[in-house]
Amino acid sequence: MLKTILLLTPVYVTLFWTLVLKTANRHNNDRARLFLGKFMFFACILYFSHFLFFYPLPQVYIYFDALYQYASLMVYPLFYIYIRLLTVDKKFELKKHYKYIAVPNLLLIAYLIGILFSPYEHYRALIADYENSPWNFLKIVLICMQLTFLIQVILCVTGNTILLKKYKHSAGQYYSDIEDSRIYKAELLNLCIILTGISSFILGILGRDFFFAEPVAIGIASLVFSTLLFAIGLLGNVQKVVNPSYETDSGVQPSASLATDQEMEHFKAEVSPKILRLFDEDKIYLNSKLTIRDVAQIVGTNRTYVSNFINTHFNQNFCSFVNRYRLEELERTIRKHPEYTGNTLAELCGFGSTDSLKRAVRTSFGMSYSEWRKSLSVQADKHQDNLNAKA
């Protein structure tokens, strides 16, 4: 009974996240999270096949083996495409992304052809006793699949790391919520897939026979993969697009830079005062979901102009610029209403949550929220003492 539960745990985890990622984000049209659901679906097939093999149910698994081999070759390319959707690609397009999944599909076709034209005894021997099975076309294809899997892990991890490093600062130029502007969740996602790849490689070296001889090892492996997959689902469900710059503003032509002197002069004279008025007078920063796209649309320009203006004149990215106003609002509110809780203050001052509020305080002042709030009390007491002394 325990063995069954442990073998099915990664199946339950991946099935759970397949449903959550497919349904919870459909309304928001979050293509990256929706695509992560595809990754979880193939992972679910993979670990259900594991269950059939190790339970064991050989009479059933023999019909799933090709699907298992295919799913194992699809998970890492799918995860790499997911990272691309977080960084450089707006949506999944077969004509653009086919090159990442072409090899798994070609190997699946070759494997199915090998099964079709091989004697049934050879195919069954390959599954039951890989080491001693006869050399034939089917075994050669299976070895190619195993080598491809190893190459995929290396390429996926390397590609993910390069993309996240390249676009790590892009989120701060778009989101105003300091939690959304940080990519540590995406980096943890990549770490989880690295650990999953390492674990798969170790299991491949040990071989299936080892796990039949050591049933405890099956339970440990299932728990490791279940934990890593649950972490991937949890992090992926909250991770926003790292580089939303591939989106275009409605009705506004995107620009890579402030192209001409005339455009720059127009921006300084007409647009920049509008931006400052939005923050100084209209307090647009109180919108916790504010993005640079919102600001650009209101003032009638594109994000590049707004971003360049903030970067050049304030030496800050968009997120830091907005949170500077929120922190000033926070300080004024605390001085006026010291009885307000963190949740109330976060809501009133434009922070998405108390976590965002605390993160903004620590980033700006280098101290915890409680320490900073205590320092405000000390300053207020000193100010009152000075007033009393003058009186």
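**Close-up 1. V361 in helix α17 of a predicted model.** V361 is placed in helix α17, which covers residues 354-365, where helices (H or I, at least four residues) and strands (E, at least two) are DSSP runs numbered from the N terminus. With 0% relative accessibility, V361 counts as buried, a word that stands for under 20% relative accessible area, whereas exposed stands for over 50% and partly exposed for values in between (1.4 Å probe, protein chains only). V361 and R373 are separated by 12 residues in sequence and by 9.6 Å in space, taken from C-alpha to C-alpha. The model is predicted, and local features need pLDDT of at least 70, side-chain atom pairs count only at pLDDT 80 or more, and totals for chains, interfaces and linings use all residues. Residues are numbered from 1 along each chain as its sequence is written, and side-chain values use heavy atoms, with hydrogens and water left out.

Close-up 2. E329 pairs with K283 in a salt bridge whose closest N and O atoms are 3.4 Å apart, the term meaning a side-chain nitrogen of Lys or Arg within 4 Å of a carboxyl oxygen of Asp or Glu. This pair links distant parts of the chain, since K283 lies in the loop between α12 (261-280) and α13 (292-299) while E329 lies in helix α15, 46 residues apart. K283 is partly exposed, with a relative accessible area of 32%, whereas E329 counts as buried at 11% relative accessibility. E329 also forms a salt bridge with R332, and there the closest N and O atoms are 2.6 Å apart. Both E329 and R332 belong to helix α15, where they are 3 residues apart, about one turn of the helix. R332 counts as partly exposed, its relative accessibility being 43%.

**Close-up 3. The salt bridge between E93 and K96.** The side chains of E93 and K96 meet in a salt bridge at 3.6 Å, N to O. E93 is partly exposed at 24% relative accessibility, and K96 is likewise partly exposed, with a relative accessible area of 35%. A search of the whole structure finds 10 salt bridges.

Close-up 4. R31, K90, K91 and K95 form a positive surface patch. Patches are made of residues with over 30% relative accessible area and no salt bridge, like charges being joined within 9 Å and nonpolar side chains (Val, Leu, Ile, Met, Phe, Trp, Tyr) within 5 Å. Of these residues, K91 lies in the loop between α4 (65-87) and α5 (94-117), and with 39% relative accessibility K91 counts as partly exposed.

**Close-up 5. A negative patch that includes E328.** D280, E281, D282 and E328 gather on the surface in a patch of negative charge. E328 lies in helix α15, which spans residues 318-336, and counts as partly exposed because its relative accessibility is 36%.

Close-up 6. A search of the whole structure finds 0 disulfides, a disulfide being a pair of cysteine sulfur atoms within 2.5 Å.

How values were computed. Accessible areas come from the Shrake-Rupley method with a 1.4 Å probe; for residues, only the protein chains shown count as cover. Lys and Arg count as positive and Asp and Glu as negative; His and the chain ends are not counted. The place of a charge is taken as NZ of Lys, CZ of Arg, CG of Asp or CD of Glu.
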